[in-house]
Amino acid sequence: MTIYFELEENPKGTAQMMGTAYQGGRIHHYEKKEVRQLRELYHHKIFKYFYMTKQNIPYFDGAVRFSAIFNYAIKDKKKWGLPKTSRPDADNVVKLLLDVCSDLHMWNDDAQVACLEVRKFYAEKPSICIEVVPYEVIKTEVKT
């Protein structure tokens, strides 16, 4: 089963997902407000996609290949289609997206993502394209 969908959303990075506070003589860790809001937005958009297309949210019980293309809007037409090499970092934009897929129970844990492909480009309109596929490993024998 291959899942492909597109979110018409401006990609954002989450370099520091957790905050730390000292309260009542103890250290507490919490999710920052902007990260919580972005998590809720992604959760809503992905859930809405499956609801509108009348599909059940898939469940993957084995290894998964996860591919995400982040398109950042820019007015300069000469840059459309070119790779984006500035911040946010690729690992920071995909981290929260994987967590949201875990929250939606697409898998038990995002550790099941055995193959991860993240691409960032400049585009006319902002979007996030996501593809999730069961990851099949082709075993070959090495003859000596």
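## Charges over rings

The charged end of K84 sits over the ring of Y72, 4.9 Å from the ring centre. K79 does likewise with Y122, its charged end lying 5.5 Å from the centre of that ring. To count here, NZ of Lys or CZ of Arg has to be within 6 Å of the ring centre and within 35 degrees of the ring normal.

## What kind of model this is

This is a predicted model, where local features need pLDDT of at least 70, side-chain atom pairs count only at pLDDT 80 or more, and totals for chains, interfaces and linings use all residues. Residues are numbered from 1 along each chain as its sequence is written, and side-chain values use heavy atoms, with hydrogens and water left out.

The mean pLDDT (the predictor's confidence in each residue, from 0 to 100) is 89 for the protein, and 95% of its residues reach 70 or more. Strand β5 (residues 113-123) has the highest confidence at 97, while strand β2 (residues 18-23) has the lowest, at a mean of 73. Helices (H or I, at least four residues) and strands (E, at least two) are DSSP runs, numbered from the N terminus.

## Aromatic pairs

Searching the whole structure turns up four aromatic pairs. One of them is F5 with F50, edge-to-face at 5.6 Å centre to centre and 65° between the planes. F5 lies in strand β1 (residues 3-7) and F50 in helix α1 (residues 33-52), so this pair ties together parts that are 45 residues apart in sequence. F50 also pairs edge-to-face with Y49, at 5.1 Å centre to centre and 75° between the planes. Rings of Phe, Tyr and Trp (its six-membered ring) pair if their centres lie within 6.5 Å; planes under 30 degrees apart are stacked, over 60 edge-to-face, and the rest tilted.

F5, Y49 and F50 make up one aromatic cluster. F5 is buried at 1% relative accessibility, F50 is buried at 1% too, and Y49 is partly exposed at 22%. Buried means under 20% relative accessible area, exposed over 50%, and partly exposed in between (1.4 Å probe, protein chains only).

## Salt bridges

There are five salt bridges in the structure, each a side-chain nitrogen of Lys or Arg within 4 Å of a carboxyl oxygen of Asp or Glu. One of them joins D103 and R39, with the closest N and O atoms 2.7 Å apart. D103 is in helix α2 and R39 in helix α1, so the pair ties together parts that are 64 residues apart in sequence. R39 is buried at 18% relative accessibility, whereas D103 is partly exposed at 36%.

R65 and E131 meet in another salt bridge (3.4 Å, N to O). This pair also links distant parts of the chain, with R65 in strand β4 (residues 64-73) and E131 in strand β6 (residues 127-134), 66 residues apart. R119 and E117 form a salt bridge too, their closest N and O atoms being 3.5 Å apart.

## Cysteines

The structure has zero disulfides, a disulfide being a pair of cysteine sulfur atoms within 2.5 Å. The sulfur of C101 is 14 Å from the closest cysteine sulfur, in C129, so that is too far for a bond. For C115, the closest cysteine sulfur is in C101, 15 Å away, again too far for a bond. C101 is buried at 0% relative accessibility, and C115 is partly exposed at 24%.
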